[in-house]
Amino acid sequence: VGTELAAVCDAQGDAVHVLSSTGLRWTHRSEDGLLCYYARMSSSDYLAVTEQKTGYKASVSVYDKKGTLIFRFDSHDHYLSDAIVTPDGKHLVVLALGQRNGAFATTAIVYDLITAQRVGEHPLSDALSLDLAVTDGRVILLCDKRLTILTLDGEIRLNYAYNERYLHGYALTGKDFCALLLGRYRSGNVCQLTTFSLDGEKLATLELTEEVLDMSAVGDRLAVLYSDTLVLYDRTLTEITRLDETDHA
């Protein structure tokens, strides 16, 4: 979801449909009918599509809000798992998978969309990427073992290890914060909800004993859906308001 546009991959995985409030705007179809790994619409309505391409390990294409192709990168040496355009529309952040010093690693590669040049390559060892977001010049990278926040220049602001705890939920899209829900057990309701600033500061922690079904962040608000209640917090996890009797949500 962007500001005026949204994107969805079809069930066959060979096309991405871009929609506005009035309906279908345009459709991108993968070359040779190959699989689209991922499609992300930035907040500035730039679409980044990561997909297979014959003769390469992966390919990333960037389209503007009119559906015009403005950038393409075909990767010979890296498998690419994800990509997103920065909110200002000037850079593309691509996640590449591989090995570094004998261990699995995710590398965040930054491209300048104006010059079409690679301007940064930032490896993160022992990290399998699950999700990412880009906000205010920060790359927020959710991995299987840690949450990492780094600048486009590669300066690491946060490298928060889960330390044998299990990931139960997260929200990466706050204006100036993100949230992480970790538990000591793979299943169960005893979890710890923590918020972080984009500079890596731990803002607040809340011990939970209720089941969390979903989380969402936008602006300076965090919504947490429990089994029977929806609670709205600020970035310091101070409760603002709640809606009870949400059993069927």
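**Hairpin.** I began with β12 and β13, which form a hairpin with 2 residues between them. In the turn, I found that Asp136 has a positive phi of about 50 degrees. The model is predicted, and I read every entry here with that in mind.

I then looked up how the two strands pair. They run antiparallel, and 6 bridges join β12 to β13, the latter covering residues 138–143. Thr135 stands opposite Arg138 in β13.

Is β12 enclosed or open? I noted that 6 of the 7 residues of β12 (residues 129–135) are buried, so the strand is largely enclosed by the rest of the structure.

**Cores.** Next I looked for nonpolar cores. The largest has 17 residues, and Leu181, Leu193, Val212, Met215, Leu222, Val224 and Tyr226 have the most contacts inside it. I listed the elements that give two or more residues to this core: β17 (177–183), β18 (191–197), β19 (202–208), β20 (212–218), β21 (221–226) and β22 (229–234). Another core lies apart from it, with 15 residues, including Phe73, Val94, Ile109 and Leu113.

Leaving out residues up to four places away in sequence, Val212 touches Leu181, Val224, Leu225 and Tyr226.

**Ser42.** Last, I turned to a loop residue. Ser42 is found between β4 (36–41) and β5 (47–51). Is Ser42 buried or exposed? I noted a relative accessibility of 2% for Ser42; the cut-off for buried is under 20%, so Ser42 counts as buried. What does Ser42 touch? With residues up to four places away in sequence not counted, I found Val1, Gly2, Thr3 and Val85.

Note on methods:
Residues numbered from 1 in each chain as written. Predicted model: local features only at pLDDT ≥ 70, side-chain atom pairs only at ≥ 80, totals over all residues. Heavy atoms only, no water. Buried < 20%, exposed > 50% of the residue type's maximum accessible area, 1.4 Å probe, protein only. Helix = DSSP H or I, 4+ residues; strand = E, 2+ residues; numbered from the N terminus. Pairing = 2+ DSSP bridges. Core = buried A, V, L, I, M, F, W, Y, C linked by side-chain atoms within 4.5 Å. Contact = heavy atoms within 4.5 Å.
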